[in-house]
Amino acid sequence: MKNLSFSRQILPILAIAGIVIAAIFIFANLPDRTMTDPMIEPPRSPDAQSTTGTVAGTGVVEPSSEEIEIGAHISGVVDQVYVAPGDLVTQGQPLFRVDTRDVRARVNEAGARVASLRQTVASAQTSLRVANEQLALYAGVEDSRAISDQEVIERRGARDTARAQLAVAQAQYREAQAALASARTQLERHTVRAPQTATVLQLNIRTGEFANAGPGMGGSSEPLIVMGVTEPLYVRVSIDENEIERLDIGAPAIVSARGDAARQVEARYVRTEPLVVPKTSLTNAATELVDVRVLELLYALPGQGHSMFVGQQVDAFVPAQGDEEDESEGEGADE
Amino acid sequence: MGWIALRMLTGDRVKLIGLLFGVAFSTLLISQQLTIFVNLIMRGAVAVQEVSTADVWVMDPSSRTIDVFAPMPSTALERVRGVDGVAYASPMLRSNAVVRTPSGDLEGVNIVGVDDATLIGLPRRMAEGDRQALAEPDSVFIDDTGSRKLFAEDEQVIGTRLELNDQRAVIRGIADAVPTFTSQVILYTRYSNALRYAPGTRNRLSFVLVRSDSDHTPEELVAAIESETGLRARTAEDFANDGLWFIIENTGIPVNFGITVVLGFIVGVAIVGLTFTLFIRDNIKQFGALKAIGVTNAKIRSMVAIQAGFVGLVGYGIGIFVAEMFFILNSGVDTFKGFYMPWQIPLLTAVVTLVMIMLTGFLALRSVLKTEPAEVFR
Amino acid sequence: MSVGIAVENIVKEFPITKEESIRVLHGIDLEINTGELTYLIGESGSGKTTLISIIAGILFPTEGRVNIFGTDIYDLTDTELVNFRLDNIGFIFQQYNLLPALTAAENAAVPLYANGIAREEGVERGKAILDALNIADQCEKLPRQLSGGQQQRVAIARALIHEPRIVVCDEPTAALDAGSGRRVMDLLREVALAPDRAVIIVTHDNRVFDLADRIIEIEDGRITHDGKELPDAH
C-alpha cells in the first residue's frame, strides 16, 4: 500500500502517540510525595541516650546565681550610672546613684552645725576654765576680809554654770555629729552597690530617669538592673509532670539552642527544684493559661563551647531511667 | 484476514466515527470525572501531603482530620520528643482567623504556625520568595491560590501589610500549595507569630509533626507514641486518608461522581454497543458469505475481536489524551490547581473500556455466529 | 465425465412449532456429473434452494447423505466441513455479497485469504483471474463503483480463484438485465466448465435455459424432471 490510509494507519498511530503522550504527562505530573529533610536541623534525641530513652523538655538559660534584680533604696532621679551591661562588677562596687543634692546639703548643714557647736564647746570650755581659775584664785585667798564668802560662792556658781554650759554644748555637739553621720548615711544610701561579684545582665536605668524604691507598680515593673553570676550558666529545664517518674534525675542532660540543634551540649546536673510549678509560658502570650505543671531541673552548662546567652530557650533531653527490669525488681523487693 | 476486518471497519466512515466517538467519549468522561473526583477528595489530604518532613502526626485523642481537631497543651511536644524512635518532633498550630486586607476587606483565613527554628510544616515548594524570609519579624507566607483570591492580578503581593488579630503581618513569600477542600486562604507563619495572630484559647498546639528515626517504621512509632503519651498518632499516609475519608463520608461528592462515572460507562456501552451491533448487522450478509465460502467461526471471532480492539485502542487513545490534556491545559486555573491524573485511573479506564468493548463485541458477535451460512441463499 | 456429487435420499424438515415441522425435501436421489452445467429449476418454495444448500455443505439434511468426490460431507466435523467447502466449493450468490471495503481484486482473492495467503499474492492472483474475466481494468475499484454485471464477474472470479471442483450458483442472473445476465452465463459456461468440475446453477431465468447441459426440475420437494431439455410445462 503506497498511500497511507488515514483510518487504518494514521489513526492508530495517533492513538498510540496520544496514549504515550498522556502517559508521559501523567507520570511527569504525579505529585511529589517523597520525604525530605528540613533545611534547618531540628533537635533530635541524642545518640548517647539511645539505650536508656529520653525525656524531652524545654529549658531557659539562667545565671547560676539566678537573676539578681537590683532595686534602689531611695526613690529619686538617677544622676550617675557607673556600669554598662556586660560589666563584671565586684562586691560593693557602685552601680548607680540617685540625685544627692538635697542630702548633700543636709550633710553640709550638719557639718556646719558640728563646726559651730565645736566652737560653742570650745568657748564653753574656755568659760569653764576661766571660771575654774577665778574660783581657784578666790578660794586660795586665806584672808576672809579680802574676799567675802559671797564672792567665793558667786565664783563657784559661775564655775558650775560654765561646766553645765559645756555639758550642754558637748551634748549639742554630739547631737550635731550624729546628725551629720545620719546625713552621710543618707547620702551613702543614694548610691546602689553590687551585692556580690556578678555580671550586669540588663540595665534599665539611665541618668536622668526616676528610680522608684521598692517594688514597682503592680509588681510588674522591670528591675533597674539585672545581675547574675554567669560562670557557670545554668539551664532550668521544665519537665511535664506526667514524665517525672521516667526521669533519671542526676544524670547529665543534653541541651541544644533553638535553631542550632546540631550543636548539642552536655550539661551537668545541679539540683531539682522541690516545688512543681505551673508551666511558665514561653509562648509570648501574656494571657495564656496553662493547666500543665512542670518539674524544674537545674543543669550547669560547661564553661565553654556552648555560646548560649542568659534567657535563651533551649531544647533539653534528659535521659530516662533505662532498665525497666530494675524498676520492677525494686518494686518486688518493696513488697 | 485481520486486515480485511480492519478494512471492513474503516470502510464505513460514519460508523467508525460513531464507534470511536463512543469509546473516546466514555473514556474521556470516565477518566476525567474520576480524576476530578479523586483530586477533589484528595483536597482533604493535601495539607498533610504537602508536609514532606514528617511521617507521623500526633494530635489530641479527639482530633480527626487536619481541619477537625482539638488543641493540646504545649508540653505534648516534649512528651512526644521523649518517645523512643522519634528522630525529631516539631509543633504545628492551625487556626482560623480573620484578616484585614490593605483595602479594608475582611477575609477568613487559615493560619498555619510552623516550628520557629526549622520551619517544619511548610509546603514543599515556594512559588515566590525564600523560605528563610519567614524568620523575619511579623512575616507570613500566603498560598498562591489564596494570593489570587485576596489580591488582584496586578497588585503587589509580597511586602503587603495585613492585619491579623490587631497585629501586623507582612507577606514575605508565596507558597506553592495545593488548595485545601475548603479552599480558604492559608497564611503560613512561625509558631510564635501564630500564637499572636490566632485568637487565643487555653491550649494552642494543634499537631506535633514527628519524623521516625531510621530504626523505627512510622507504624511502630505510632503505636509507641499512642501507648506512651496517650495522644493520638497517625502515620502521614493514614492521616491523609483520614482527611480524604472525612470528605467521602460527609459530602455527597462520591455519589455525584459515582453517578457520572456510571453514566459515562452506560453511555459508552450504549453508543459503542449500538453502533457496533449496527455495523455488524450491516455486514451480516458479508459475514454469512464468508462463512459459506469457508471461513471458520474462530476466524470470524478473531476478525470481530480485531475490529473491537482497533476501536477500543484508538478510542481510548483519543479519550485519554484529551482527558490528560484537559488537566494539563487547565493546570493554571485555580479550580484545577494541583490536579493530576493518578496512573491508576487510565489503567482503570482501560479496563472499563476493555470490558465495554468486549461486552459490545460479544453482543455483536453473537448475531454473526448465529448466522446460518445457508441464509446467504435466501 | 464422471459422477461428482452423489445425493442419496435427502430429506429436510424445518420445524414450525415445537412439535410440528414441515418437510421440504422428500427423499431426493441425484447424481451430478462433472463437466456439465446442471440447472436446478423450480417454483419458489419448491425446495431447490434447500437442496442446493445441502449439496453445498452449508445446511445439514434431516436424513440422507451427500457424497462429493468420495467424501461424505455430513460425516465431517464442523471445522472439517468448513475447510472442505473452502477447498472444494465455489459460491456465486444472487446478491454477489462482495465485501464493500475491498477492491475487486481483493474480493476475488477472499477464498485465498481465508486459506492464509498473503495480501499481495492474493491481489496478484485476483488480478490474474479478473484479467481472464476481461475486467482487469476494474481490479482497483470498490464493489460500489462497479456495475451489477461487473460485480457478478468479480463474484465469479471469487468462486473460481481457488479452482474448486464444484461451483454452486444461486440465481446468478436474477439481479441483472437480460444482456448482462446472458453475458454472465456465457462467461460462466466458458470459464467455469471443466472436465473435473461440476457446476450447479439454481435459476428460474428462462432466458438462459438454452445454455444448460442438464435441467433438473423440483416441485414440492421432489424431482419431477431430469433431462437435457426443458420440461414440457415451460
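Modeller: One definition before we start: two strands pair if DSSP finds at least two bridges between them, with strands (E, at least two residues) and helices (H or I, at least four) taken as DSSP runs numbered from the N terminus. This is a predicted model, in which local features need pLDDT of at least 70 and side-chain atom pairs count only at pLDDT 80 or more, while totals for chains, interfaces and linings use all residues. Residues are numbered from 1 along each chain as its sequence is written, and chains are lettered from A and ligands numbered from 1 in the order in which they are written.

Biologist: What is the average pLDDT of chain A?

Modeller: The average pLDDT (the predictor's confidence in each residue, from 0 to 100) is 81 for chain A, and 88% of the residues score at least 70. However, pLDDT stays under 50 over residues 324–335 of chain A, for which the model has 1 contact beyond four places in sequence; here two residues are in contact if their C-beta atoms, placed from the backbone, lie within 7 Å. Residues 283–288 of chain A also stay under 50, with 11 contacts beyond four places in sequence. Where pLDDT is low, the predicted coordinates should not be read in detail.

Biologist: Switching topic, which chains share the most contacts?

Modeller: Chains A and B do, out of the 2 pairs of chains in contact. Their contact involves 44 residues of chain B and 51 residues of chain A. On the side of chain B that touches chain A, α11(B) gives the most, with 9 residues. By class, that side of chain B has 21 nonpolar, 12 polar and 11 charged residues, where Ala, Val, Leu, Ile, Met, Phe, Trp, Tyr, Cys and Pro count as nonpolar, Asp, Glu, Lys and Arg as charged, and the others, Gly among them, as polar.

Biologist: How far apart are the closest C-alpha atoms of chain A and chain C?

Modeller: They lie 9 Å apart, and no contact joins chain A and chain C. Chain C does meet chain B, in a contact that takes 24 residues from chain C and 19 residues from chain B. On the chain C side of it, α2(C) gives the most, with 5 residues, and by class that side has 15 nonpolar, 6 polar and 3 charged residues.

Biologist: At what angle do α2 and α9 of chain B pack?

Modeller: Helix α2(B), residues 13–42, and helix α9(B), residues 253–282, pack at an angle of about 170°, with their axes 8 Å apart. Axes are lines fitted to C-alpha atoms, for helices over the stretch in contact, and angles run from 0 to 180 degrees between N-to-C directions. That angle makes α2(B) roughly antiparallel to α9(B), since angles over 145 degrees count as roughly antiparallel, under 35 as roughly parallel, 65 to 115 as roughly perpendicular and the rest as oblique.

Biologist: Last one: in what order do the strands of the open sheet in chain C come?

Modeller: The order of its 6 strands is β6-β7-β8-β3-β9-β10, and the pairing is mixed. The edge strands are β6(C) and β10(C), residues 222–227 for the latter, each pairing on one side only. Strand β9(C), residues 214–219, runs antiparallel to β10(C), and 5 bridges join them; the bridge partner of C:I215 in β10(C) is C:G227.
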